[in-house]
Amino acid sequence: MRVLFIGDVMAEPGLRAVSLHLPDIRDRYDLVIANGENAAKGKGLDKRAYRLLREAGVDLVSLGNHAWDHKEVYELLSSEPVVRPLNYPPGTPGKGFWRLEAGGESLLFVQVMGRVFMDPLDDPFRALDRLLEEEKADYVLVEVHAEATSEKMALAHYLDGRVSAVLGTHTHVPTLDAMRLPKGTLYQTDVGMTGTYQSIIGGEVETFLARFLTGRPQPFRAAQGKARFHATELVLEGGKGVSISPYVWEEP
């Protein structure tokens with residue numbers, strides 16, 4: 001099974017990159033998953049952003065700490081392949097996992113959110129333990145939406161040998177540490193952002209600078225400019241992860 005995971009799709013440049021490039025390469029992959037929690041104007045997911053991602057060839061959209069920034073997300077979570085972090089408290093709308101099928105094999109996709117330097121949620125380690133006891137699939141892909149690299153790495157080593165791959169998101173900065181862990185789990189600390197890198201993590205440079213220079217809150221505005229498409233390719237076979245490769249495309 002070949003899977004493409006697209007890093008945090010950021011605002012219009014990110015949506016444009018996915019719409020322009022993914023259709024050209026979609027037939028290389030059995031499944032395509034994208035983090036879309038910043039797809040709607042840089043914060044949250046709305047119906048328009050979701051539709052554009054799906055029309056481009058995305059099978060499943062994940063969220064994160066900006067999951068609730070648009071009211072439309074509640075309807076999407078109730079009826080569409082959209083996943084929010086698993087470790088929200090019981091009773092939270094939506095699901096933290098989704099089962100996908102391709103070529104007669106199943107992939108269980110799970111997202112958890114970290115707790116270091118982020119809003120405190122339930123324990124992601126124990127939440128994953130419970131889910132892996134209850135749900136079975138040929139392959140398991142875990143997305144860790146977290147700030148601290150140490151927490152992402154800790155979760156990956158905790159899951160090593162029990163899941164096929166662990167991929168990090170949230171920082172909008174791609175890392176060069178794609179690897180296979182000792183017990184066979186594929187890992188990358190952060191897939192990176194799909195959006196414009198002539199920015200500050202996807203935000204407009206001037207307003208972000210003003211936050212640091214004045215110490216006062218500033219209105220958020222997503223940056224505009226040429227986009228880069230950042231993703232990670234996974235090859236899975238025989239219930240295990242075989243290879244992991246970062247993938248980058250830049251808008252002409």
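Me: In this predicted model, is D123 buried or partly exposed, and what is its relative accessible area?

Reply: A residue counts as buried under 20% relative accessible area and as exposed over 50%, with partly exposed in between. D123 falls in that middle class, because its relative accessible area is 21%.

Me: With which residue does R126 form a salt bridge, and which network includes R126?

Reply: R126 counts as partly exposed, at 46% relative accessibility. Salt bridges that share partners join R115, D123 and R126 into one network. Within the R126 pair the closest N and O atoms are 3.8 Å apart, and the partner is D123.

Me: How many residues apart in sequence are the parts that the salt bridge of D129 and R162 ties together?

Reply: The side chains of D129 and R162 meet in a salt bridge with an N to O distance of 3.0 Å. D129 lies in helix 4 (residues 124-134) and R162 in the loop between helix 5 (149-159) and strand 8, so the parts tied together are separated in sequence by 33 residues.

Me: Which residue pairs with R221 in a salt bridge, and where do the partners lie?

Reply: R221 is partly exposed, with a relative accessible area of 42%. The closest N and O atoms of the pair are 3.0 Å apart. R221 sits in the loop between helix 6 (205-214) and strand 11, while its partner sits in the loop between strand 10 (186-188) and helix 6, 17 residues away. That partner is E204.

Me: How many salt bridges does a search of the whole structure find?

Reply: The pairs of R126 with D123, D129 with R162 and R221 with E204 are among them. The search of the whole structure gives a count of 11.

Me: Which residues touch the most other members of the largest nonpolar core?

Reply: In soluble globular proteins, nonpolar side chains tend to be buried together. The largest nonpolar core here has 31 residues. Elements giving two or more residues to this core include strand 1 (2-6), helix 1 (11-25) and strand 11 (228-237). The members that touch the most others are I6, L22, L45 and F229.

Me: Which residues are in contact with F229, leaving aside its neighbours within four places in sequence?

Reply: F229 is one of the residues that touch the most other members of the largest core. Its contacts beyond the close sequence neighbours are L4, I6, A17, V18, H21, L22, I25, T194, Y247, V248 and W249.

Me: What phi values do A11 and H172 have?

Reply: A11 is found in helix 1 and counts as buried, at 1% relative accessibility. H172 is placed in the loop between strand 8 (165-169) and strand 9 (179-180), and counts as buried at 7%. Neither is a glycine, yet phi is positive: near 55 degrees for A11 and about 65 degrees for H172.

Me: What radius of gyration does the protein have, and with what does it agree?

Reply: The C-alpha atoms fill a box of roughly 50 × 40 × 35 Å along the principal axes, and 57% of the 252 residues count as buried. A compact globule with 252 residues would have a radius of gyration near 18 Å, which agrees with the protein's value of 17 Å.

Notes:
Residues numbered from 1 in each chain as written. Predicted model: local features only at pLDDT ≥ 70, side-chain atom pairs only at ≥ 80, totals over all residues. Heavy atoms only, no water. Core = buried A, V, L, I, M, F, W, Y, C linked by side-chain atoms within 4.5 Å. Buried < 20%, exposed > 50% of the residue type's maximum accessible area, 1.4 Å probe, protein only. Helix = DSSP H or I, 4+ residues; strand = E, 2+ residues; numbered from the N terminus. Contact = heavy atoms within 4.5 Å. Rg over C-alpha atoms; globule rule 2.2 N^0.38 Å. Salt bridge = Lys/Arg side-chain N within 4 Å of Asp/Glu carboxyl O.
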